[in-house]
Amino acid sequence: MDIQAVLTALRRNRAFMDNVVVWERIPARSPQYAPLSESLSEPLQTALAKRGVSGFYTHQAAAISAVFRGENVVVATPTASGKSLCYTVPVLQRLLERPSSQALYIFPTKALAHDQMAETAELIETGRLPIPIHPYDGDTPQNRRRQARQAGGILVTNPDMLHAGILPNHPRWRALFSNLAFIVLDEIHAYRGIFGSHVANVLRRLQRLCAFYGSQPQVICCSATIANPKEHAERLLERPFTLIDATQNGAPSGEKHFILYNPPLIDETLGLRSSTVLAARDAAVTFLAQDIQTIVFARARQTVELLLTYLQDELTWLGKENTAVVGYRGGYLPLERREIERGLRQGHLRGVVATNALELGIDIGQLEAAVLTGYPGSIASTWQQAGRAGRRAGVSAAILVAGNSPLDQYICQHPRYLFGRSPEHALTNPDNLRIMARHLHCAAYELPFRPDEGFGPLQPVAPLLDAMAESGELYKTETQYHWMGETAPATTFSLRTGGGETVVIHDVANGNEVIGELDLESVPLLLYEGAIYMHQANPYLVERLDWNGRIAHVRPVEVDYYTRANIGSQIQMLQPVAEQVEAGILRAWGDVTVVTQATSYRKIKRYTHETLGYGDIELPEMRLETTGYWLIFGEALTEKLYNMGILLRPNDYGPTWPRQRQLALARDGHRCRLCGTTEGTLHVHHIRPFREFGYIPGQNNNDQIANDLDNLITVCPACHRRAEAGQQARSALGGLAYVLRNLAPLYLMCDPADIQVTAESRSPLTKAPTIVVYESVAAGVGFSQRLFELHHTLLKAALELVTDCKCQDGCPACVGPPGEIGPDTRQVTHTLLQLLNHTSSTHQEPGENRDENTIS
């Protein structure tokens with residue numbers, strides 16, 4: 001059965017169609033061609049003709065002609081539109097005309113760099129063009145590195161190697177920097193957030209060295225379809241660009257069917273839907289069972305392994321156990337990933353379950369179907385993932401299986417959002433002082449600074465360099481600033497995370513074979529002692545974790561459960577950069593300090609998801625210095641909301657409380673009953689919330705019932721915060737925080753995991769009801785400032801989502817899942833949002849920057 005027959009069968013399947021929100025048939029497009037402004041050299045024309053290129057699509061012709069005019073160009077057209085020719089053709093033409101010229105190709109990943117280099121090398125070899133092309137990355141052997149430095153032509157690398165391997169050693173690359181004619185940056189939409197902020201500073205360093213060696217390279221960028229490709233390119237490179245966008249796209253495309261599927265409701269009152277993972281499994285099996293090559297995307301590494309297990313089990317049950325399906329994610333070793341890519345291209349691997357590691361343009365062959373397990377977090381990523389199925393001919397299909405989150409359900413309620421112009425902006429913050437200071441160290445090592453020299457927005461940069469000299473980081477002479485250290489500072493930090501450290505995973509049952517690695521920040525989530533670590537659907541028990549040595553020792557086991565860590569976080573400082581008071585709420589953005597501690601984990605049975613047991617996690621706390629956006633409710637507004645029943649007043653626990661609290665602590669041996677710790681100050685928590693007992697001072701003695709020892713439990717602060725989080729969510733404050741947390745990624749073009757939220761009815765820092773949305777990466781990347789600016793837009797969208805939701809009392813698609821919200825949470829959240837939207841139109845002017853107003 002071919003894919004068209006499978007789609008026809010799905011259309012006739014009433015159970016399936018009952019849950020299809022939209023089935024969009026995107027018709028095939030015929031190619032549109034245009035001539036170039038200048039003719040190409042005969043050898044290049046011959047090479048292109050042998051590769052089947054007899055003309056150029058309209059967007060290719062526009063881009064190539066703009067490059068010929070000497071302009072910097074950014075191309076933002078859909079997946080599989082032939083963007084690579086937009087830079088390959090003008091680069092090869094220039095290098096044929098001027099053999100001494102060189103080009104630097106920069107790709108966000110090694111895999112993509114190798115893939116695109118192979119494609120360019122085939123074109124060069126086909127035409128026997130006298131242009132060398134060499135890779136230079138962490139996998140390049142030493143003897144070939146020397147060859148790459150001396151060869152000229154095209155150098156293919158990634159930002160990490162440019163940062164730590166090329167720029168610090170620029171004297172060895174004198175020929176490259178002196179003759180550099182082109183810088184090519186592919187997939188620039190990937191350069192956002194903390195990674196993009198670092199890359200922008202690496203590019204500042206690159207251009208500084210080019211100027212020193214006397215070259216002025218043109219820049220050609222390619223991007224997925226986002227709202228601000230021109231602005232983003234100009235932010236990265238700090239020079240003007242000509243935009244070639246989707247309106248100029250002339251590439252052909254095959255017919256594509258895009259299906260938005262919302263799993264069926266299993267409890268309409270509670271708004272609960274059936275499992276997204278199981279629905280994605282069923283969708284993928286529909287294609288795989290008919291031998292249709294399929295890619296399945298999942299948002300998390302653990303979900304990839306779980307879904308892979310489910311797929312293999314289901315195919316075995318159907319008698320299709322010979323259908324080869326594998327996983328693909330970060331943490332797999334490079335050779336394993338290359339084998340998977342080759343297997344997909346050759347076709348003997350019929351399915352792959354992947355994270356967004358396969359979202360970028362790596363050649364994995366002509367897949368026919370894509371299944372997206374949940375909304376990927378941005379429209380750009382949605383179309384990148386959907387575009388992995390089907391290229392320029394033939395029918396293809398993509399099924400987006402919605403999750404229970406408000407973000408997914410918002411898409412289901414407003415499906416046209418997916419098909420209109422992208423509202424998403426790629427955000428970077430290269431001027432973040434913490435990030436820029438690190439790159440100033442690198443730049444000073446590479447080339448001493450002159451006092452009149454600039455760097456990014458600092459023109460001149462001397463005042464900051466003076467401060468570094470005073471602190472001993474730099475050495476100042478009369479004419480220059482020099483780096484004081486002995487080693488290159490670029491080797492001390494990663495571009496992709498705050499720290500860059502990884503933990504290596506050893507299989508002790510197979511001679512300590514290395515099976516993977518994991519970034520340090522993810523270890524408390526996935527690799528603690530007692531955890532089940534999944535690799536290619538095979539479970540491994542983490543027997544020992546050497547935190548200081550950064551090594552995890554695992555052993556293969558046969559178990560029917562997986563593990564999930566419990567993590568507690570606490571806000572320790574809020575320092576506003578800007579703040580504004582309106583309608584009784586102070587909103588601000590600025591620096592935030594967050595302390596996170598993993599304390600325990602659950603064992604969860606596969607398929608049924610029941611909890612089988614618990615375990616303790618003993619790891620050091622993680623401290624995050626980042627940025628956030630917060631709302632603090634003023635005293636008058638808070639009292640009004642108390643009186644309206646929208647917010648809950650703090651409890652008066654009655655005269656019996658002090659004695660009962662001490663009895664509970666003594667009974668529990670001054671030990672947390674949830675995680676077992678005896679460290680620090682311990683709290684006593686009401687198992688059934690105190691307010692549910694209806695205690696009224698002077699009118700009843702219900703405090704005695706509420707404070708009964710059987711209703712009290714000793715907990716540590718971290719476990720108490722988790723226990724209270726559910727009760728916070730029962731109020732409008734928790735409902736509002738839940739909605740904001742889940743809507744924000746729509747406007748930020750970020751993964752939902754990139755931001756976190758806390759809601760406290762009385763924050764220990766502000767002494768008032770407070771919501772804090774903070775960024776998950778060190779230093780922040782600009783999301784918080786953007787949320788501050790989008791405040792009114794977010795409130796409007798939040799009201800729209802809560803109003804339009806079809807549940808009765810609240811659900812995961814609006815204010816939170818049942819069990820974590822009260823019977824009136826949706827109503828009070830709706831009332832609060834109406835009040836905030838009504839009054840937000842009359843607000844004061846933004847306040848001045850107030851760096852000194854630190855809350856800690």
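Before I write down what stands opposite what, I note that two strands pair if DSSP finds at least two bridges between them. I also note at the start that this is a predicted model, and I read every entry below with that in mind.

**Entry: strand β14 and its partners**

I began with strand β14, which covers residues 294–297. I looked along β14 for the direction of its side chains, and found that Thr294 and Val296 point one way while Ile295 and Phe297 point the other way, with all of them buried. I then looked up the neighbours of β14: strand β16 (residues 351–354) pairs with β14 in the parallel sense, over four bridges, and strand β17 (residues 369–373) also pairs with β14 in the parallel sense over four bridges.

**Entry: cysteines**

I searched for disulfides next, and the structure holds zero of them. For cysteine 221, which is in no disulfide, I noted that the nearest cysteine sulfur belongs to cysteine 222 and is 7.6 Å away, whereas a disulfide would need the two sulfur atoms within 2.5 Å. Is cysteine 221 buried or exposed? With a relative accessible area of 0%, cysteine 221 is buried. Cysteine 442 is likewise in no disulfide, and the nearest cysteine sulfur to cysteine 442, that of cysteine 210, is 16 Å away.

**Entry: leucine 464**

I turned to leucine 464 and placed this residue in helix α18, which runs over residues 462–470. Leaving aside residues up to four places away in sequence, I found that leucine 464 touches Leu433, Leu440 and Leu458. I also checked leucine 464 against alanine 437, and wrote down 27 residues apart in sequence and 8.6 Å apart in space, taken from C-alpha to C-alpha.

**Entry: aromatic pairs**

I counted the aromatic pairs, and the count comes to 17. One of them joins tyrosine 105 and phenylalanine 107 edge-to-face, with 6.3 Å from centre to centre and 75° between the planes. Tyrosine 105 is buried, at a relative accessible area of 1%, and phenylalanine 107 counts as buried at 1% relative accessibility.

Another pair I looked up is that of tyrosine 310 and tyrosine 607, which is stacked, with 4.3 Å from centre to centre and 25° between the planes. Where in the chain do the members of this pair lie? Tyrosine 310 is in helix α13 (residues 301–317) and tyrosine 607 is in the loop between β27 (585–605) and β28 (611–616), so I recorded a pair that links distant parts of the chain, 297 residues apart. On accessibility, I noted that tyrosine 310 is buried, with a relative accessible area of 1%, whereas tyrosine 607 counts as partly exposed at 36%.

**Entry: arginines over rings**

Arginine 550 lies over the face of tryptophan 547, at 5.3 Å from the ring centre, and arginine 587 lies over the face of phenylalanine 788, at 4.5 Å from the ring centre.

Technical notes. Residues numbered from 1 in each chain as written. Predicted model: local features only at pLDDT ≥ 70, side-chain atom pairs only at ≥ 80, totals over all residues. Heavy atoms only, no water. Buried < 20%, exposed > 50% of the residue type's maximum accessible area, 1.4 Å probe, protein only. Helix = DSSP H or I, 4+ residues; strand = E, 2+ residues; numbered from the N terminus. Contact = heavy atoms within 4.5 Å. Phe/Tyr/Trp six-rings, centres within 6.5 Å; stacked < 30°, edge-to-face > 60°. Lys NZ or Arg CZ within 6 Å of the ring centre and 35° of its normal.
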